[in-house]
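Got the sequence and the 3D view open? Let's work through how to read them, one feature at a time.

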Amino acid sequence: MKSTESGRVHLGPAEWNMSKLFSTSLRCRLPVLLFVFQGALLFIFVLFTTYDRHTDAARQPADVDPAGNQLYVLFSLFQDIQLMLLVGLGLLLAFMKGYGVSAVAYNFLLSNFSVQWALIVQGFIYHYHDGKIHLGLYNLLTAEFATVTVLISAGAILGRTSPIQLLLMGFFEVPLYVACEWLIISYFQAVDIGGTVTVHVFSCYFGLGASLALYRSGLQTRHPKETPSYISDLLSLVGAIFLWVFWPSFVSVLVHPGDAQHRAVLHTWITLSASVLTTFAISSLLEKKGKISMGHLQNATLAGGVAIGTVADMAIGPGGAFLLGILSSLICILGFKYMTPFLANKVHLQDQCGIHNLHGLPGILGALAGIVAILIVPDEAYGHQLYHVFPARSPPLQNATVETTFIGERLGRSTSEQALFQAVGLGLSVVVSLVGGYLTGLLLKLPFLAQPPDQFCFDDELYFQIQKPLENVNVDQVDGDLQMPLKSKA
């Protein structure tokens, strides 16, 4: 680097290359990443995908009833989940006064990126036969479950990462989620129909692992741009209400149709409603002068929906669902009040959106509730539907043993054995996600991924063209031709 007489600084070739390396500009980097990704997926879609039996016209019998197509069963629930992801979650993340555009836009980008990627990853594992991935509406639903994990995890590092880093995080998280879900649901045959363990717990600790790896001492104290405003708090609360309204669809969409799905909807609404009243009560009790915290309203009112996923279709009774809603909201608020400051100061864990309080703690509570429900609810409570709720508990196949039917077979498990595998699933989700998230975070620290410097974190203007609001301008300060001084009264 050389200085001239004019005072200007000239960079040498090496320094110029280094400045470009650490630049926050997205030009070339983001387009190249997206074009390469889209090109690779186009190749896979053309060569390796086809329709499933519900979408393939050639496989339909002549007398088929169109009203019996899977579309009419799933599409309304699919639309509900779309609204949750794109509107509800997007607005929920828009709580910072200068980062609302980024939060909503990145949520939109990550949603589409992750769904496309999950369709392929899940397709090769679950729906690949005859040399093709067979795709239909059901695939989109399960891909959206994978996408939820990415969007939740992104909340832990929101505002201090570039869109390139977020996309790469989603790229690595989706395959790990699919593998972990396969181990928990297909291999160990744990029950988690609403995604408490496989979605919420996994996404939480993956995001926290990435956040640990991306820790920055310069952001240890609260950043001035990290604070909310009146409008951002209002938008975030509207997003929370969107999520609240459509959450029963998310929990029940994959439940066995009939009484089990009916229980899932009922239980989810009861837990969510109990969470709302508990949030208002506990927040007013703990905050100064009894004022209610907006952060509590935006998060703890949803905690019951996180916790209910594992037990949604179990016969826990309305009272059990009500109690779970109260407890999940309580631990969420206590997490914000006491655990978040402790983790930030002692563990150097930065959690921008408080995902540990909304998804981690209620998720663990819900997993423990599932273990308790399995142990104390008698089999008679399920009637003939016991094996729909607990597939691994149905009688073993003829001439088969537990050892020879461990994967994908009917095991004839006892209640204690099922409870044990529930605990194994919870531990596996925490460990795999935390380690995977930390390793992914280390990769995201590479200097050419356009990570924003500390002073530009939580700021829409770094990566977006933002229209400035009109300022209040005095008419007398405008162009001279428009100046019209008032005449004084005689």
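## Reading the model together

Q: How do I check whether the length of helix 5 makes sense, and what span should its 18 residues give?
A: Count up 1.5 Å a residue: helix 5, residues 137-154, has 18 residues and should therefore span 26 Å. Its end C-alpha atoms sit 26 Å apart, so the two values agree. Keep in mind that this is a predicted model.

Q: And how many residues of helix 5 are buried?
A: Most of this helix is covered, with 16 of the 18 residues buried.

Q: Which parts of the prediction have pLDDT below 50?
A: Start with the overall picture: the average pLDDT is 87, and 87% of the residues score at least 70. Residues 399-410 fall below 50, and beyond near neighbours in sequence that stretch has 21 contacts in the model. Residues 475-490 are also below 50, with five such contacts. Where pLDDT is low, the predicted coordinates should not be read in detail.

Q: Which residues have the most contacts inside the largest nonpolar core?
A: Here's the general idea: in soluble globular proteins, nonpolar side chains tend to be buried together. In this model the largest nonpolar core has 117 residues, and Trp 247, Phe 250, Ile 308, Met 314 and Phe 390 have the most contacts inside it.

Q: Is Gln 298 buried or exposed?
A: Buried means under 20% relative accessibility, and Gln 298 has 4%, so it counts as buried. You'll find Gln 298 in helix 10, residues 294-299. Its side chain makes a polar contact with the side chain of Asp 233, at 3.0 Å. Beyond residues up to four places away in sequence, the residues Gln 298 touches include Asp 233, Leu 92 and Phe 95.

Q: Where are Asp 130 and Gln 189, two residues with positive phi that aren't glycines?
A: Asp 130, with phi near 60°, is in the loop between strand 4 (128-129) and strand 5 (132-135). Gln 189, with phi of about 50°, lies in the loop between helix 6 (163-187) and helix 7 (196-213).

Q: Is each one buried or exposed?
A: Asp 130 counts as exposed because its relative accessibility is 72%. Gln 189 has 12%, so it counts as buried.

Methods
Residues are numbered from 1 along each chain as its sequence is written. This is a predicted model: local features need pLDDT of at least 70, side-chain atom pairs count only at pLDDT 80 or more; totals for chains, interfaces and linings use all residues. Side-chain values use heavy atoms; hydrogens and water are left out. Helices (H or I, at least four residues) and strands (E, at least two) are DSSP runs, numbered from the N terminus. The expected span of a helix is 1.5 Å times one less than its number of residues. Buried means under 20% relative accessible area, exposed over 50%, partly exposed in between (1.4 Å probe, protein chains only). A polar contact is a pair of N or O atoms within 3.5 Å; within protein, one must be able to donate a hydrogen and the other to accept it, and residues adjacent in sequence count only if both atoms are side-chain atoms. Contact means heavy atoms within 4.5 Å. pLDDT is the predictor's confidence in each residue, from 0 to 100. A nonpolar core is a set of buried Ala, Val, Leu, Ile, Met, Phe, Trp, Tyr and Cys residues joined through side-chain atoms within 4.5 Å.
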